[in-house]
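Hi there,

Here is the structure I promised to pass on. Have a look at it first, and then read on for what turned up.

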Amino acid sequence: MQPPGVIIAATIGSVAGAFILYGVGRLPSRERLMAFFDTKPMRLLGFKGDDISSAIVWFGRTGQVTVLICRCIPVVRSLISIPAGTTKMNVATFALYTFAGSTVWNSVLCTLGYGAGSAWQSVTADAEWISNIMKCVIIATVLVAAVLWIVKRIVPKLRERKSQA
């Protein structure tokens, strides 16, 4: 198959998957989400029901463009559909942003893959060190974020609970 056909097929798949996750985001009501984030385990992690309201207001004000931008960021490109559904983003706008962003991302990836041709094995072998560095950077970032989260959110809650007892 030639690149235009691959790009079209990949974009159709991307948009279909995005709508499934958009639907998942629309399932729970705002009240149900707020109640979930007000549960004891979520409060222990530092969340509050009001966080949902704040996130919905932010997404409604500025977040819609992030649907377009996030289509070019691995992993996030799929997950951004959930808050779009939760905030009940206009379906036509969601479809337009998803289609545009996915088309750009798929065009870049498919064109690079086509350009690499049969040399993909040597290209991936030569670039393996970059992959290893990125894995280390991602793991370090996650670990630092987890430590900061614990120090800023959980430790104060535990201290507060201990002082009340």
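A residue is called buried under 20% relative accessible area, exposed over 50%, and partly exposed in between. Please keep in mind that this is a predicted model.

With those cut-offs, Leu 79 is partly exposed, because its relative accessible area is 48%. Leu 79 lies in helix α5 and belongs to a nonpolar surface patch of about 570 Å². The largest share, 3 residues, comes from α4.

The aromatic side chains are the other thing to look at. The count of aromatic pairs comes to 3. One of them joins Phe 19 and Phe 94: the ring centres are 5.1 Å apart and the planes stand at 90 degrees, so the pair is edge-to-face. Phe 19 sits in helix α1 (residues 3–26) and Phe 94 in helix α7 (residues 91–116), so this pair ties together parts that are 75 residues apart in sequence.

How do the two rings' residues compare in accessibility? Phe 94 counts as buried because its relative accessibility is 0%, whereas Phe 19 is partly exposed, with a relative accessible area of 30%. Together with Tyr 22, Phe 19 and Phe 94 form one aromatic cluster.

Terms used
Residues numbered from 1 in each chain as written. Predicted model: local features only at pLDDT ≥ 70, side-chain atom pairs only at ≥ 80, totals over all residues. Heavy atoms only, no water. Patch = residues over 30% accessible without salt bridge, like charges linked within 9 Å, V, L, I, M, F, W, Y side chains within 5 Å. Areas by Shrake-Rupley, 256 points an atom, 1.4 Å probe, with all protein chains shown as cover. Salt bridge = Lys/Arg side-chain N within 4 Å of Asp/Glu carboxyl O. Helix = DSSP H or I, 4+ residues; strand = E, 2+ residues; numbered from the N terminus. Buried < 20%, exposed > 50% of the residue type's maximum accessible area, 1.4 Å probe, protein only. Phe/Tyr/Trp six-rings, centres within 6.5 Å; stacked < 30°, edge-to-face > 60°.
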